[in-house]
Amino acid sequence: MTVAIRPAEGDDAAAIARVQVATWRTAYAGIFPDAYLDHLNDIRIAAGWTASIERPGHVTLVAEDGSLPREPVVGFAHAGPGEAAGEAEIFTLYVLATHQRRGLGRRLLAAMARRLAPVHARLVIRVLVENGPARAFYERLGGSAGDIRRLHVGGRPVDEIAYHWPDLPRLSATLAGAAP
Ligand SMILES: CC(C)(COP(=O)(O)OP(=O)(O)OC[C@H]1O[C@@H](n2cnc3c(N)ncnc32)[C@H](O)[C@@H]1OP(=O)(O)O)[C@@H](O)C(=O)NCCC(=O)NCCS
């Protein structure tokens with residue numbers, strides 16, 4: 001498997017939406033209501049990605065598996081300025097279930113940190129409290145657990161927890177070996 005990581009282009013919106021919907025359905029089954037996951041709409045989500053990819057100050061990266069010429073995008077990440085001054089936030093980081101535990105999440109985070117570190121001092125990522133695998137991933141990569149806040153998704157309350165990296169250039173340097 002040869003996977004390359006590159007900046008997303010406008011044409012990638014549909015592929016990103018496909019990965020997002022597929023990953024939500026596997027990662028959030030039993031967390032979000034079934035009806036909510038069943039009714040996710042790829043086309044509407046893709047329209048949102050078209051705007052996000054072009055948004056100034058934001059970065060969207062895709063991971064492409066060269067052995068899958070028809071649907072090569074198998075992961076993506078999206079980041080931009082966070083809520084606090086000097087802070088970047090990774091809003092989404094998803095790898096298809098078929099491609100997890102092969103180092104792609106680490107590579108996407110490394111590539112993102114490399115791009116964000118010249119502009120932002122710190123990094124935050126928010127993840128559902130119930131998303132144990134993703135929390136293990138962020139803890140493995142040195143994130144410190146912080147505040148918890150409540151959201152409502154599909155009418156159900158869910159809590160998300162922040163993971164902080166207070167020194168983004170240091171994270172970038174630490175992960176440099178994993179960056180493309
Ligand atoms: C979380 C996610 C991005 C991690 O990506 P990945 O490519 O599977 O992770 P990597 O292979 O780079 O893992 C790096 C390390 O993190 C830890 N880790 C990753 N997944 C883990 C899991 N499910 N359980 C425990 N530890 C895990 C391990 O230490 C791993 O190293 P190892 O495989 O050598 O033991 C991916 O699993 C995913 O997309 N999950 C579904 C969507 C999601 O929850 N996204 C995050 C929402 S904020």
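How do the residues of the shell around the ligand divide into nonpolar, polar and charged?

Modeller: Keep in mind that this is a predicted model. The shell divides into eleven nonpolar, five polar and four charged residues. There are 20 residues around the ligand, and Q100, G105, R106, P133 and A136 come nearest. The largest share belongs to α5, with five residues.

Now follow the strands of that list into the sheet. The sheet is open and has seven strands. Their order is β1-β2-β3-β4-β5-β7-β6, and the pairing is mixed. β1 (3-7) and β6 are the edge strands; each has a single partner strand, so one side of each lacks a neighbour in the sheet. On average, neighbouring strands are turned by 25° against each other, with direction ignored.

Next come the helices of the list that meet this sheet. α4 packs on the sheet and touches β1, β2, β3, β4 and β5. The direction of α4 makes about 145° with that of β2. α1 lies across β2 (59-65), β3 (73-81) and β4. Relative to β3, α1 runs at about 100°.

α1 also meets another helix. Two packed helices are described by the angle between their axes and the distance between the axes. The axes of α1 and α3 (residues 42-54) come within 8 Å and cross at roughly 125°. That angle makes α1 oblique to α3. The crossing of α1 and α3 is right-handed. On the α1 side, the contact is made by A13, A14, I16, A17, R18, Q20 and V21. On the α3 side, D42, I45, A46, W49, T50 and I53 make the contact. By class, this contact of α1 with α3 has nine nonpolar, two polar and two charged residues.

β5 pairs with β7 (residues 156-165) in the antiparallel sense, over six bridges. In this pairing, I125 has Y163 of β7 as its bridge partner. V127 is likewise bridged to a residue of β7, I161. Beyond β7 in the strand order stands β6. β6 (residues 144-153) runs antiparallel to β7, and eight bridges join the two. Here A145 stands opposite Y163 of β7.

Technical notes: Residues are numbered from 1 along each chain as its sequence is written. This is a predicted model: local features need pLDDT of at least 70, side-chain atom pairs count only at pLDDT 80 or more; totals for chains, interfaces and linings use all residues. A residue is near a molecule or strand if its C-beta atom, placed from the backbone, lies within 6 Å of it. Helices (H or I, at least four residues) and strands (E, at least two) are DSSP runs, numbered from the N terminus. Ala, Val, Leu, Ile, Met, Phe, Trp, Tyr, Cys and Pro count as nonpolar, Asp, Glu, Lys and Arg as charged, and the others, Gly among them, as polar. Axes are lines fitted to C-alpha atoms, for helices over the stretch in contact, and angles run from 0 to 180 degrees between N-to-C directions. Angles under 35 degrees count as roughly parallel, over 145 as roughly antiparallel, 65 to 115 as roughly perpendicular and the rest as oblique. A crossing is left-handed if the near helix is turned anticlockwise from the far one by less than a right angle, and right-handed if clockwise. Two residues are in contact if their C-beta atoms, placed from the backbone, lie within 7 Å. Two strands pair if DSSP finds at least two bridges between them.
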